[in-house]
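Here is a short report on the protein shown below.

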Amino acid sequence: MKTKQLNHRYYFIIVLLSIGLFSCNENNNAPSWILTNGKILTVDNDFTIVEAMAIKDNCILGTGTTEEMLSLANTSTKVTDLKGQTVIPGLIDNHMHFVRASKHWYRMVRWDKITSRQEALEMVQKRAKKLPKDEWVIVMGGFIFDQFKDNSTLFTINELDSILPNQPLFIQEGYSRAFVNTAALKAAGLLNNKNPKHLESLKKNNGMILGRTQAMKILSNAIPEPSIKVWDESLTMAMDSLLRMGLTAVYDVGGNTVNLSFYESIKRFAANDALKIRFFYSLNEQNSASGSVEEIINELQNNRPNFKDLQNAQFGYGETVYRPMRARPFKVTDEDQEHFRNIVTTAIKNDWQIHEHSLQEEKVKTMLDNLEKVAESYPEMKDLRFTIAHTNGMSEESIQRAINLNMVFAVHSSSRLMSKKRYESGAKPPPIKKINKMGGIWGLGSDGTTVASPNPFHTIDWVISGRNIAGNKYMTQLVSREDALRAHTATNAYLLFREKDLGSLETGKRADFIVLNKDYMTIPNEEIKNLHSVLSVIDGKIVYASK
Ligand SMILES: [Zn+2]
């Protein structure tokens with residue numbers, strides 16, 4: 001018995017030693033890399049700004065003055081003079097439909113900050129030239145017509161035919177409608193006599209197709225599936241784009257049309273250690289848990305969230321916990337609320353954080369009623385950082401109730417695409433200023449790419465300036481640059497349960513950082529949206545450098 005105990009103790013010491021070897025606290029050695037003479041925004045609790053940072057392999061060894069850090073160097077230490085450049089922690093997006101976007105990235109055109117229709121359509125022509133002759137070009141959301149200062153009317157089929165006469169073109173605005181050229185109609189088989197009804201309505205609407213119609217389904221399904229090779233190339237392009245934007249980690253939450261096959265490319269990259277960004281993803285009704293309550297409960301019981309892996313990990317359940325709780329107009333039966341509570345209880349028992357889509361106050365209220373009930377019997381729910389996603393229109397009372405349940409607020413920039421018409425009809429952006437003031441823990445994400453830009457500096461611009469994509473000030477819930485940066489870094493690391501390793505530039509954390517093209521803290525508001533990375537580093541390794 002005694003020997004066994006000793007063995008256990010011995011084993012324990014070995015485990016501790018081996019953790020030490022791989023953790024970031026080993027600071028006996030000289031740094032492998034020192035960055036000097038910079039403006040390094042550490043985003044620690046005090047928002048400390050330092051001159052220099054020392055790195056040992058994948059971890060931060062220390063931060064301080066250039067002199068202090070250089071005193072740690074030995075002959076093999078690489079030294080980079082930042083010459084005053086600004087460094088920030090790698091940005092983390094807490095809610096993106098990334099796998100869906102990465103599938104079509106190679107043929108996608110994005111108008112996230114374009115204000116000229118002419119320029120937007122020229123981008124389509126340029127992209128078409130880079131693709132094979134009959135390949136589809138698509139614009140999958142991320143714009144509103146208000147942003148085109150030269151002409152903000154709807155696209156017509158004649159206009160799109162003149163831009164792209166031979167290649168199929170599909171332009172989707174949010175989820176509500178799409179605009180196509182004749183080549184797309186032809187490729188989708190909508191120009192023949194088999195579909196006279198669709199053709200008639202298309203002609204009447206000048207090539208516009210409304211969302212949730214059969215014609216929309218036929219057209220969306222007509223966009224060809226990329227081959228495995230092309231899909232992998234597309235994922236590489238998507239990851240490189242994110243890195244240039246300053247993102248080093250992303251939390252994928254599934255989404256409409258996503259199924260298990262969408263995760264295959266990511267899996268292939270992960271197996272070959274070739275993922276360029278840190279990729280976290282939820283268990284969601286598309287990638288695993290399906291519709292029925294029993295099936296959802298089974299999935300939650302048969303899988304385990306991964307809280308350890310920093311490169312590729314599934315954890316959290318969302319953004320749709322239970323489909324009937326997304327009813328619009330919001331009306332949910334007592335029976336469905338009971339199902340929701342059962343799902344939540346199972347999630348708690350199996351350590352699943354819940355990340356729930358919430359765009360309406362009535363829904364938030366009903367969700368909180370049910371979560372409070374569950375928390376009475378399962379107070380450990382409060383340790384799981386349950387997350388309210390989007391938060392649009394939340395009242396002060398609901399914010400306080402969510403804070404009492406230790407919930408986290410994931411705020412997204414889809415309201416940056418609010419049109420004049422929607423603004424005038426009373427659409428509500430997320431109450432960030434209130435959440436911030438009331439002491440709520442909140443992080444920024446995009447909800448990209450169909451309803452928002454995936455670019456974190458577009459999101460930050462929106463919460464600092466209040467301006468939408470067309471430059472109109474529709475957002476009054478503004479925050480400081482410091483708060484916005486913390487919400488895109490440290491808070492998101494907390495939301496992802498990775499705050500010990502990610503989210504700020506502090507001794508012992510992973511060396512994930514980006515060097516910016518301009519100084520985030522001092523450039524005029526108007527330039528924030530143009531910020532980008534000139535050097536992205538993950539785990540101490542350069543993963544992107546501008547040419
Ligand atoms: Zn959502």
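## Helix H4

In this predicted model, the buried residues of H4 are Ala120, Leu121, Val124, Arg127 and Ala128. Their arc around the axis is only 115 degrees, which puts them on the same side of H4. They pack against S9, helix H5 (157-163) and S10. The face turned away from this buried side carries exposed residues: Gln118, Glu119, Lys126, Lys129 and Lys130.

## The four-strand sheet

Two of the elements that H4 packs against, S9 and S10, belong to an open sheet of four strands. The order is S9-S10-S11-S12, and the pairing is mixed. Strand S9 (137-140) and strand S12 (208-210) are the edge strands, and each pairs on one side only. On average, neighbouring strands here are turned by 15 degrees against each other, direction ignored.

Inside this sheet, strand S10 (residues 169-173) pairs with strand S11 (residues 177-180). The sense is antiparallel, over four bridges. Phenylalanine 170 stands opposite valine 180 in S11.

## The eight-strand sheet

Another open sheet has eight strands, in the order S8-S13-S14-S15-S16-S17-S18-S19. Its pairing is parallel. Strand S8 (91-96) and S19 are at the edges with a single partner strand each, so one side of each has no neighbour in the sheet. The twist from one strand to the next averages 25 degrees.

S19 runs parallel to strand S18 (residues 408-412), and five bridges join the two. In one of these pairings, phenylalanine 409 has tryptophan 442 in S19 as its bridge partner.

Further in, strand S15 (residues 312-319) and strand S16 (residues 354-358) pair in the parallel sense over three bridges. Glutamate 319 has glutamate 356 in S16 as its bridge partner.

## Backbone details

Which peptide bonds are cis? One runs from glycine 318 to glutamate 319, with omega near 10 degrees. Glutamate 319 is in strand S15. Another joins arginine 328 and proline 329, with omega about -5 degrees. Proline 329 sits in the loop between S15 and helix H12 (334-349).

Arginine 212 has a phi of about 60 degrees. This residue is in the loop between S12 and helix H8 (214-222). Arginine 212 counts as exposed because it has 9 C-beta neighbours inside 10 Å. Histidine 390 has a phi near 90 degrees. Histidine 390 is in strand S17 (residues 387-390), and it is buried, with 25 other C-beta atoms within 10 Å.

## Overall architecture

The protein has 19 helices and 22 strands. Its C-alpha trace spans about 85 × 60 × 45 Å along the principal axes. For 547 residues, a compact globule would have a radius of gyration near 24 Å; the protein has 25 Å, which agrees.

Of the 547 residues, 47% count as buried. Among contacts between residues at least 6 apart in sequence, 73% join residues at least 24 apart.

Notes
Residues numbered from 1 in each chain as written. Predicted model: local features only at pLDDT ≥ 70, side-chain atom pairs only at ≥ 80, totals over all residues. Rg over C-alpha atoms; globule rule 2.2 N^0.38 Å. Buried ≥ 20, exposed ≤ 12 C-beta atoms within 10 Å, placed from the backbone. Contact = placed C-beta atoms within 7 Å. Pairing = 2+ DSSP bridges. Axes fitted to C-alpha atoms, helices over the stretch in contact; angles between N-to-C directions. Arc of directions from axis to C-beta.
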